[in-house]
Amino acid sequence: MAEAVSREEERIMLKIQQHVEKQGWKTGTLIHDAIIVQKKSEHDPAEQGRLEQAVEAALSEAMDERGWTRGAARAKEAKL
């Protein structure tokens, strides 16, 4: 079962990475369950909100593709 969970996690993380890149952010190496995202602009205070929306859209799409209930998986954005 752990293998199946790992495959699904990789699929979801790839989808999030693709959505974020489509919105113009640069992503770093995929590290297990984290994606490193480089800021688009130092001067745009709304950037964090748009990043969160892109991540949530990707997560919702992944849940819909599998027929999973919304909220079955969650994402958390953190500043480093």
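Me: Which residues does Ile 12 touch, not counting residues up to four places away in sequence?

Reply: A contact here means heavy atoms within 4.5 Å, and on that criterion Ile 12 touches Leu 59, Ala 62, Met 63 and Trp 68, with residues up to four places away in sequence left out. Please keep in mind that this is a predicted model, in which local features need pLDDT of at least 70, side-chain atom pairs count only at pLDDT 80 or more, and totals for chains, interfaces and linings use all residues. Residues are numbered from 1 along each chain as its sequence is written, and side-chain values use heavy atoms, with hydrogens and water left out.

Me: Which elements make up the secondary structure of the chain, and in what order do they run?

Reply: Helices (H or I, at least four residues) and strands (E, at least two) are DSSP runs numbered from the N terminus. In this chain there are two helices and two strands, and from the N terminus on they follow the order α-β-β-α.

Me: Which residues of the largest nonpolar core touch the most other members?

Reply: As a general idea, nonpolar side chains in soluble globular proteins tend to be buried together. A nonpolar core is defined as a set of buried Ala, Val, Leu, Ile, Met, Phe, Trp, Tyr and Cys residues joined through side-chain atoms within 4.5 Å, where buried means under 20% relative accessible area, exposed over 50%, and partly exposed in between, with a 1.4 Å probe and protein chains only. The largest such core has 13 residues, of which Ile 12, Ile 16 and Val 20 touch the most other members. The elements that give two or more residues to this core are helix H1 (2–22) and helix H2 (47–66), and H2 supplies the largest share, seven residues.

Me: Is Val 55 buried or exposed?

Reply: Val 55, which is found in helix H2, counts as buried because its relative accessibility is 8%. Not counting residues up to four places away in sequence, Val 55 touches Ile 16, Val 20, Ala 75 and Glu 77.

Me: Why do Lys 76 and Ala 2 count as exposed?

Reply: Lys 76, in the segment after H2, is exposed because its relative accessible area is 78%; its C-alpha atom and that of Glu 56, 20 residues apart along the chain, are separated by 9.4 Å. Ala 2 lies in helix H1 and counts as exposed because its relative accessibility is 63%. Ala 2 and His 19 are 17 residues apart in sequence and 26 Å apart in space, C-alpha to C-alpha.

Me: What radius of gyration does the chain have, and how does one read the value?

Reply: The radius of gyration is taken over C-alpha atoms, and the globule rule is 2.2 Å times the number of residues to the power 0.38. For 80 residues a compact globule would have a value near 12 Å, and the chain has 13 Å, which agrees. The C-alpha atoms fill a box of roughly 45 × 25 × 20 Å along the principal axes, and 24% of the 80 residues count as buried.
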